[in-house]
Amino acid sequence: MGMLPDEIRPVLDNGVPCVLATCSRDGTPNTTIISQAYYVDPDHVALSFQFFNKTTRNVRENPSASLCLSDITGRRIWVLQLAYEHSETEGPLFDCMDMQIEAIASTSGMQGIFKLRAADIYRVTSVRTV
């Protein structure tokens with residue numbers, strides 16, 4: 001059995017942006033809003049890499065990250081501890097996420113602004129709700 005429970009799948013698909021927290025090698029924190037968290041398998045999520053150079057630099061220096069997901073139906077927050085593994089810039093996962101980013105952009109009038117640069121793959125190391 002993987003780290004991600006089945007009940008988190010709808011939360012990953014609910015379209016609500018999530019918050020990613022990272023730290024640089026020297027411990028300087030950074031938080032950013034993520035457009036999309038995508039279920040990969042019971043032990044992995046993919047996060048959309050669009051604009052955030054500081055976040056990318058942080059996870060290359062220190063692969064640990066925390067992701068907060070809003071469960072609007074269950075009225076709770078899911079907190080995932082993550083470890084960055086790799087980035088994908090092509091393939092089925094990237095294509096699916098790119099299509100979803102385009103859909104998000106078109107519904108918010110942001111066509112041409114949202115551009116998926118990579119699908120960053122993270123291993124889930126723990127899950128809790130608050």
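Me: How many aromatic pairs does the structure hold?
Reply: It holds one aromatic pair. Y84 and Y122 sit edge-to-face, 5.6 Å centre to centre with 70° between the planes. Keep in mind that this is a predicted model.

Me: Where in the chain are Y84 and Y122?
Reply: Y84 is in strand β6 (residues 76-88) and Y122 is in strand β7 (residues 118-129). The pair links distant parts of the chain, 38 residues apart.

Me: Buried or exposed, those two, Y84 and Y122?
Reply: Both Y84 and Y122 are buried. Y122 also turns up in the largest nonpolar core, among the residues with the most contacts inside it.

Me: OK, what else is in that largest nonpolar core?
Reply: The core has 21 residues, and V45, L47, L67, L69, L80 and L82 are also among those with the most contacts. Several elements each supply at least two residues, including α1 (9-12), β4 (44-49) and β5 (64-71). Strand β6 gives the most, with four residues.

Me: What does L69 touch?
Reply: Leaving out residues up to four places away in sequence, L69 touches I8, V11, L12, C18, A37, R76, I77, W78 and L80. Apart from that core lies another one of nine residues, among them L93, I101, L116 and A119.

Me: Back to the strands: in what sense do β6 and β7 pair?
Reply: β6 and β7 pair in the antiparallel sense over ten bridges. Y84 has Y122 as its bridge partner in β7. β4 and β7 are antiparallel too, over six bridges.

Me: New topic. How many salt bridges are there?
Reply: The count comes to three. In one of them, E7 pairs with R76, and the closest N and O atoms are 2.9 Å apart. E7 lies in the segment before α1 and R76 in strand β6, so this pair ties together parts that are 69 residues apart in sequence.

Me: Which other residue does R76 form a salt bridge with?
Reply: That's D71, with the closest N and O atoms 3.1 Å apart.

Me: Why does D71 count as buried?
Reply: Because its relative accessible area is 8%, and buried means under 20%. R76, at 26% relative accessibility, counts as partly exposed.

Me: And what does R123 form a salt bridge with?
Reply: R123 forms one with E85, the closest N and O atoms being 3.3 Å apart. R123 is in strand β7 and E85 in strand β6, 38 residues apart.

Definitions and conventions
Residues are numbered from 1 along each chain as its sequence is written. This is a predicted model: local features need pLDDT of at least 70, side-chain atom pairs count only at pLDDT 80 or more; totals for chains, interfaces and linings use all residues. Side-chain values use heavy atoms; hydrogens and water are left out. Rings of Phe, Tyr and Trp (its six-membered ring) pair if their centres lie within 6.5 Å; planes under 30 degrees apart count as stacked, over 60 as edge-to-face and the rest as tilted. Buried means under 20% relative accessible area, exposed over 50%, partly exposed in between (1.4 Å probe, protein chains only). A nonpolar core is a set of buried Ala, Val, Leu, Ile, Met, Phe, Trp, Tyr and Cys residues joined through side-chain atoms within 4.5 Å. Contact means heavy atoms within 4.5 Å. Two strands pair if DSSP finds at least two bridges between them. A salt bridge is a side-chain nitrogen of Lys or Arg within 4 Å of a carboxyl oxygen of Asp or Glu.
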